[in-house]
Amino acid sequence: MKGTQLGEFEELVLLIVGVLYPDAYGLSIREEIINQTKRKVAIGAVHSALSRLQDKGFLESKLDEATHERGGRRKRLFAITVLGKRALEKNHELRNNLFNQIPELALKGLNLSGL
Amino acid sequence: MADRSDISPPKWADRCLSWFCKDELLEEVRGDLHEFYGMERAKKSALKANWSYWYHMLHFLRPFAIKKRIRTRQTPIAMYRSYIKTGFRNLKRQQLASFINVFGLATTIAISLVVYVLIDRQFSLDDFHTDADQIFAVQTRIDWNGTEETWGRTPLLLGPSLEAEVPQVTEMARVSRRSATVRFDDNVFNERLTYADPGYLSIFNFPLSQGQPTSLESKKNIILSLASSEKYFPRTDPIGKDLKIIIDGKAYLFTVTGVAQKFPENASFTFDFLLPFENLKDMHGLDLQGWHDIKSQSVFTFIKLDQSGSSPQVASQLKSYSDVVNEINTDWPVKQFGLYPLPSLARNAQYVRETYASGSTPEILVMFAIISLLLLASACFNYVNISVSMAQKRLSEIAIRKVVGGQRKQLIGQFLTENFVLCFVATIIGALLGIYVLLPGINVLFSGSGYTINIFQDPAILGFLVVLFIALSLISGAYPAFYISSFKPVAILKGKENLSGKNRLGKVFLTAQFFLTFIAIVSGFLFTSINEFQEDQDWGYQASDLLVVPVGDHSQYQALKQFASQSPGIVSSAGSGSQIGISSGQTAIRILDDKFTVRSFNVGPAYFGVMDIDITKGRGFEMGLASDEVNNLVVNQAFIEQISNGEAPFDQLINIDGESYKIVGVTENFHFDDFFSPITPAIFRLVPEARFNYISLKTVPGGLNDTEALVKAEWTDQFPDSPYAGFFQEEVFDNFFASTGSLKSVMNFVAMVAIILSAMGLFGLVSLFIIKKLKEYSIRKVLGAHGGHIIGLVSKQFIVLMSIALIIAAPFSYYGFELLFEQMFPGSIDTVSAGPFLITTAILLAVIFLTISSHILQLLRMNPVKNLRLE
């Protein structure tokens with residue numbers, strides 16, 4: 001079923017929307033991504049992901065007041081939907097589960113070699 | 001805080017974004033980008049911030065943000081049927097508007113078609129000759145008393161020498177045209193004969209339907225045109241028959257050995273009777289040997305080259321021949337002989353003195369072409385105006401089509417299809433109108449033109465019609481189609497959409513149309529007044545009650561003179577060698593060391609009296625005065641003014657061909673060619689009766705027709721061998737009047753069409769205007785405004801438009817026509833006066849007033865409540 005999967009970047013955006021709540025909009029999300037991950041992201045890429053997430057039903061949005069810095073234009077504020085929350089939880093759970101299944105030994109060796 | 005203008009992002013990037021970005025995303029995206037730009041500007045230079053802005057803007061070129069172009073399949077065929085059907089229904093429902101559109105377009109199409117045919121014929125003159133680009137006329141550049149002129153005539157020996165000495169010349173033909181009397185049994189007519197070398201029929205493509213072209217090599221053979229064969233030998237086979245050709249009373253027998261096929265319509269020269277060239281020696285006394293000076297004989301030379309590219313080489317070889325001629329011909333030295341390509345010979349005919357091919361003046365054709373283009377433009381204006389105004393009635397159709405999923409593209413397609421239907425109808429009507437009404441009309445007006453069109457045999461004309469049809473459809477249909485289809489369906493259905501209030505384009509069109517109409521009407525009046533001016537001109541002599549009979553020899557003159565003295569209907573008679581308006585000579589004279597060329601008339605002593613030419617100074621010729629015959633001259637006033645500086649030089653010696661003459665009298669000026677040409681210096685010389693070619697008979701007032709019948713009977717009785725060719729002096733300028741008269745008719749027709757077209761355009765615009773203001777006028781009416789007041793309200797702005805058009809058109813046409821008339825009729829300047837301009841203004845005002853009041857009357861008759869109640 002198309003549309004229920006959460007891509008890596010999508011998941012990142014979705015998480016950040018949650019972090020920034022209730023002030024999550026395109027530009028602030030981008031700033032936060034850059035701050036938190038040091039990844040270079042184009043504004044268009046963020047908008048693209050937001051639009052996809054909204055299509056999948058993980059995000060909902062509403063238009064805010066217009067501000068002067070935006071040349072008198074309104075911003076679109078995003079919030080996580082129930083569906084979005086569930087998808088995040090599922091991903092989180094899956095990851096934790098998988099992580100826990102990794103044998104100690106495997107990680108240890110890596111840790112050693114990392115040291 | 002930064003100033004607002006300080007932080008506005010690059011405009012072009014912003015525009016670019018709005019162009020491709022989805023509408024629903026645009027606001028937030030632009031907002032984000034704007035905010036981002038503000039932040040960037042706080043940290044970086046404007047240039048870097050701009051770059052960054054562009055970079056991020058372009059990153060929105062992703063599928064999610066780009067506007068979806070809705071792509072549908074091409075309009076299905078079935079829809080076109082629907083379009084055509086609704087198209088025809090609309091034509092039927094809006095009959096008046098459709099009529100105006102179709103009629104306007106059809107008339108202008110017909111006019112353009114005819115103009116196209118005229119121009120096409122003019123430019124395809126003589127192109128039916130095979131290898132026309134290898135055929136050249138040799139013409140003579142000559143120094144004619146200081147001015148260089150091109151003459152069509154060439155020395156007799158030039159052709160044979162070229163053929164023998166220049167290798168590139170493959171064929172040569174000399175041609176000369178003379179008039180003579182031709183007789184077979186009872187058929188006796190004066191005809192024009194064409195004497196030509198045998199090469200004539202192989203250079204030019206005049207195929208024979210009977211006989212062989214080579215028969216021209218034998219001296220006593222003659223080849224007829226189809227027309228003259230039918231004239232002399234109706235219903236009989238002419239081959240082998242003997243024709244009698246009579247020149248100066250001497251008869252020569254020729255055997256008919258060939259008949260030409262019907263000549264093509266676009267031949268600028270043909271022949272009636274084709275005879276071997278060498279007959280010129282016996283029959284007209286030409287010395288065929290030697291390089292005579294050119295002025296005494298009228299012989300044309302045509303050559304055919306091996307290829308068209310070798311003309312420069314041949315032209316350079318021609319130089320040596322002018323030296324040979326100039327040894328004999330010292331008075332008017334030949335500058336050079338030139339090669340003139342056959343296809344352009346007729347077009348340039350007017351720049352050459354005496355040329356073999358004849359063509360009409362291109363100025364008139366250019367004028368016609370411009371006129372037809374302007375009329376076409378005018379009809380298109382109308383179409384645009386009217387279809388936009390009529391679309392008001394179809395707004396709901398447009399809205400419904402859009403609501404049920406019709407796209408703008410489809411609507412445009414629909415209106416264009418309708419337009420194609422309408423233009424198609426108009427083109428067919430226009431073509432029929434052109435072929436069956438206008439062209440025959442032109443043929444009547446310009447007698448002898450005889451144009452015919454066969455669309456299916458002439459692909460060029462068919463192509464012209466198709467191109468015209470497509471161009472008209474697109475030009476006239478594009479604006480209405482795009483404009484009408486742009487309405488928003490919701491607004492229409494809510495009743496909010498109205499045709500945009502300004503309609504500036506319509507007004508510009510109407511102004512342009514007033515401009516064109518103004519010029520057309522003015523030209524109609526001016527051509528009429530020129531025509532009248534010319535008809536009212538004093539001819540300088542009395543042409544009424546004057547019968548002129550050409551006489552072939554002395555005995556004929558004497559017989560008619562005898563007859564004239566006995567008949568009571570003839571008041572007086574005079575013989576002459578030349579006849580004013582018909583024939584005259586060019587004579588070179590010398591006064592001291594100055595050379596002049598003057599017109600010369602050879603007359604008898606009674607000529608001035610019979611023609612009623614006033615002698616203002618000195619005397620006319622006297623009967624039996626020997627000195628008059630030898631060395632006295634009478635000159636016209638122009639001679640005195642232009643050659644003798646206003647004084648009558650009675651004791652001045654004038655040298656003509658080595659003889660000395662003295663002026664004994666001065667006549668008033670009179671017109672001898674036409675009214676276009678200014679009167680030039682002319683001389684009269686007294687000649688003996690034996691050299692008379694005409695006898696002029698002055699009849700009692702009103703007795704012209706009776707006298708002619710008597711004279712004719714007497715003539716046929718006495719001279720059965722010669723045709724009677726008498727004419728009325730009044731009619732000598734008839735051809736000339738006919739040509740300006742035809743122009744007048746054409747221009748008046750054009751003016752009529754222009755008036756009708758602009759009235760139609762006005763009609764369309766006024767109805768649009770009134771529809772929009774229907775409520776306003778209804779309220780005014782309810783409140784007690786009377787008709788005149790409303791007419792005034794409506795007319796005001798149209799009169800403003802007209803005034804603008806007038807202010808531009810008046811000086812434009814004034815100077816334009818003055819220039820044109822100076823070119824066309826140099827004799828009649830000062831005919832452009834204020835009168836036509838005032839009358840034209842009045843006509844235009846009347847048209848505006850009538851069109852508007854016809855609308856308003858309708859409005860006034862309506863119950864205003866009906867218009868107001870609709871809401």
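At what angle do the axes of helix 2 of chain B and helix 3 (residues 46-58) of chain B cross, and within what distance do they come? In this predicted model, the two axes come within 9 Å and cross at roughly 150 degrees. Angles over 145 degrees count as roughly antiparallel, and helix 2 of chain B and helix 3 of chain B are therefore roughly antiparallel to each other. The crossing of helix 2 of chain B past helix 3 of chain B is right-handed. On the side of helix 2 of chain B, the contact is formed by Leu33(B), Phe36(B), Tyr37(B), Glu40(B) and Arg41(B). These residues meet Ala46(B), Ala49(B), Ser52(B), Tyr53(B), His56(B) and Met57(B) in helix 3 of chain B. By class, this contact of helix 2 with helix 3 of chain B has 7 nonpolar, 2 polar and 2 charged residues.

Helix 2 of chain B also takes part in the contact between the chains. That contact takes 17 residues from chain B and 17 residues from chain A. Helix 2 (residues 23-43) of chain B supplies 11 residues, the largest share of the side of chain B that touches chain A. The side of chain B that touches chain A comprises 6 nonpolar, 5 polar and 6 charged residues.

Among the contacts in chain A with a separation of 6 or more, 47% are accounted for by residues 24 or more positions apart. Chain A also contains a cis peptide bond, from Tyr21(A) to Pro22(A), with omega near 5 degrees. Pro22(A) is found in the loop between helix 1 (8-20) and helix 2 (26-37) of chain A.

The axes of helix 4 (residues 77-93) of chain B and helix 13 (residues 408-445) of chain B come within 9 Å and cross at roughly 60 degrees. Helix 4 of chain B and helix 13 of chain B are therefore oblique to each other. As helix 4 of chain B passes helix 13 of chain B, the crossing is right-handed. Helix 4 of chain B contributes Tyr80(B), Tyr83(B), Ile84(B), Gly87(B), Phe88(B), Asn90(B) and Leu91(B) to the contact. The residues from helix 13 of chain B are Gln414(B), Thr417(B), Glu418(B), Val421(B) and Leu422(B). The residues of this contact of helix 4 with helix 13 of chain B divide into 7 nonpolar, 4 polar and 1 charged.

Strand 15 (residues 585-591) of chain B and strand 16 (residues 594-603) of chain B run antiparallel and are joined by 7 bridges. Across this pair, Ile589(B) stands opposite Phe596(B) in strand 16 of chain B. The two strands form a hairpin with 2 residues between them, where Leu592(B) takes a positive phi near 50 degrees. Most residues other than glycine have a negative phi, and most peptide bonds are trans.

Asp131(B), which is not a glycine, has a positive phi of about 55 degrees. Asp131(B) lies in the loop between helix 5 (95-123) and strand 1 (135-144) of chain B. With 14 other C-beta atoms within 10 Å, Asp131(B) is partly exposed. Arg235(B), likewise a residue other than glycine, has a positive phi near 65 degrees. Arg235(B) is placed in the loop between helix 8 (226-232) and strand 7 (242-247) of chain B. Arg235(B) counts as exposed because 5 C-beta neighbours lie inside 10 Å.

The residues Phe189(B) and Pro723(B) are 534 residues apart along the chain, and their C-alpha atoms are separated by 5.2 Å. Not counting residues up to four places away in sequence, Phe189(B) touches Val182(B) and Pro723(B). Phe189(B) counts as partly exposed, with 14 C-beta neighbours inside 10 Å.

Technical notes
Residues are numbered from 1 along each chain as its sequence is written. Chains are lettered from A and ligands numbered from 1 in the order in which they are written. This is a predicted model: local features need pLDDT of at least 70, side-chain atom pairs count only at pLDDT 80 or more; totals for chains, interfaces and linings use all residues. Two strands pair if DSSP finds at least two bridges between them. Helices (H or I, at least four residues) and strands (E, at least two) are DSSP runs, numbered from the N terminus. Two residues are in contact if their C-beta atoms, placed from the backbone, lie within 7 Å. Ala, Val, Leu, Ile, Met, Phe, Trp, Tyr, Cys and Pro count as nonpolar, Asp, Glu, Lys and Arg as charged, and the others, Gly among them, as polar. Axes are lines fitted to C-alpha atoms, for helices over the stretch in contact, and angles run from 0 to 180 degrees between N-to-C directions. Angles under 35 degrees count as roughly parallel, over 145 as roughly antiparallel, 65 to 115 as roughly perpendicular and the rest as oblique. A crossing is left-handed if the near helix is turned anticlockwise from the far one by less than a right angle, and right-handed if clockwise. A residue is buried if 20 or more other C-beta atoms lie within 10 Å of its own, exposed if 12 or fewer, and partly exposed in between; C-beta atoms are placed from the backbone.
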